[in-house]
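Have the sequence and the 3D view ready.

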Amino acid sequence: MDNRHRRRRHRIDADLVRLRSRPPSPPRSAGARFDSTVWFYCAAACLLPLGATLGAIMAFSPTEPWRTRLLVAHQALNLLGFVGLTVVGTLITLWPTVLRTKMQPAQDRHGKISLCVMFVAVAATTTGALCGLWWLAALGVTAHIVGICIVLGDLVACAAHKPPRDFPGFTMGAAICWMLVWLAWLAWKLASNGTRLLADDIFTLSVPVIVGFLLQLLIGAMSYLMPMVMGGGPKIVRATNAKMHAYGALRATITNAGLLLWVLAMGTWTRRIGMVLTVVGLATFLPATAAMVRTGVPMLKEKGRQMAA
């Protein structure tokens with residue numbers, strides 16, 4: 001019995017020696033969580049020259065049907081491709097940061113799957129538009145929506161865990177919704193109108209939705225990042241955030257109510273009222289920025305004097 005226990009103890013000691021002598025596995029880099037964002041940026045950069053080339057061709061004022069074909073292909077490469085991929089890749093990391101919560105465990109992996117789907121969707125939409133195969137273009141836009149929804153599930157899960165409570169969260173969340181609205185409308189327009197589609201039909205909803213999508217997203221991101229860039233420590237950042245995000249819910253409501261009037265307007269005056277509300281809501285970013293600067297700069301100077309003393 002003693003010999004058996006002695007042999008078992010020897011085996012345990014040998015296993016411990018092997019475990020201690022084994023080199024530790026290198027920790028996973030924090031940047032590995034952001035691999036999908038980098039790939040989104042690389043793919044978007046590849047599409048930009050192609051979209052710019054189509055834009056240059058459109059400058060020669062081609063006639064129908066090429067005017068419409070080039071416009072849809074141009075929007076596919078620039079808006080769905082360059083802008084869309086950049087935005088989705090950024091939101092994978094920025095959205096949880098704005099909400100001050102953690103990324104979902106599979107968010108980076110879902111981002112890579114979404115990128116593949118969206119890149120193929122852009123290629124299908126562009127090819128369908130240039131060849132006049134509107135069913136293929138509509139299928140490509142629909143696939144683009146599916147690609148966004150792959151990531152959207154994680155973004156919604158982040159918002160469910162910690163809902164938006166300030167201006168950047170409200171505006172960025174609304175911008176995502178407007179992007180999906182525009183894509184759904186574009187897919188329906190391509191599928192229903194087919195060969196009767198004209199460039200003016202595409203312009204009808206593109207302008208207000210692009211304003212609701214791009215400008216809201218840009219202003220929301222800047223509203224979050226500018227106080228952080230100004231810095232100065234937690235006390236100063238809290239003070240500048242309070243000025244930048246003041247009346248956030250009201251500002252976002254005015255902007256998006258104006259956009260709804262603009263898009264759904266049945267008459268000229270209704271459309272004008274919607275445009276005015278949208279501009280007023282977006283323009284509140286300027287006085288908020290000025291208030292942030294007036295609050296932050298004196299506090300930074302005072303902190304500098306205290307550190308120099």
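The largest pocket is lined by Val83, Thr86, Val87, Thr90, Leu91, Leu94, Met172, Leu214, Leu217, Leu218 and Ala221. Here a pocket is an open set of points on a 1 Å grid over the protein atoms alone, with protein on both sides within 12 Å along at least five of seven lines, and lining residues have an atom within 4 Å of a point. Before going on, bear in mind that this is a predicted model: local features need pLDDT of at least 70, side-chain atom pairs count only at pLDDT 80 or more, and totals for chains, interfaces and linings use all residues. Residues are numbered from 1 along each chain as its sequence is written, and side-chain values use heavy atoms, leaving out hydrogens and water.

Back to the pocket. Its volume is about 220 Å³, taken as the space filled by probe spheres set on the grid points. Which helix gives the most to the lining? That's α3, with 6 residues; α3 and α7 (199-230) each supply at least two. Helices here are DSSP runs (H or I, at least four residues), numbered from the N terminus. The lining splits into 9 nonpolar residues, 2 polar and no charged.

Now for the charged pairs. A salt bridge is a side-chain nitrogen of Lys or Arg within 4 Å of a carboxyl oxygen of Asp or Glu, and by that rule there are 3.

| Salt bridge | Closest N to O |
|---|---|
| Arginine 100 – aspartate 166 | 3.4 Å |
| Lysine 112 – aspartate 108 | 3.8 Å |

Arginine 100 is partly exposed at 42% relative accessible area, while aspartate 166 is buried at 14% (buried means under 20%, exposed over 50%, partly exposed in between, with a 1.4 Å probe and protein chains only).

Lysine 112 and aspartate 108 are 4 residues apart in helix α4, so about one helical turn separates them. Lysine 112 is partly exposed at 35%, but aspartate 108 is buried at 9%. Arginine 305 and glutamate 302 are also about one turn apart, lying 3 residues from each other in helix α11 (residues 285-308).

Technical notes. 1 Å grid on protein atoms, 1.4 Å probe; cavity = no way out; pocket = protein on both sides within 12 Å on 5 of 7 lines; lining within 4 Å. Nonpolar A, V, L, I, M, F, W, Y, C, P; charged D, E, K, R; others polar.
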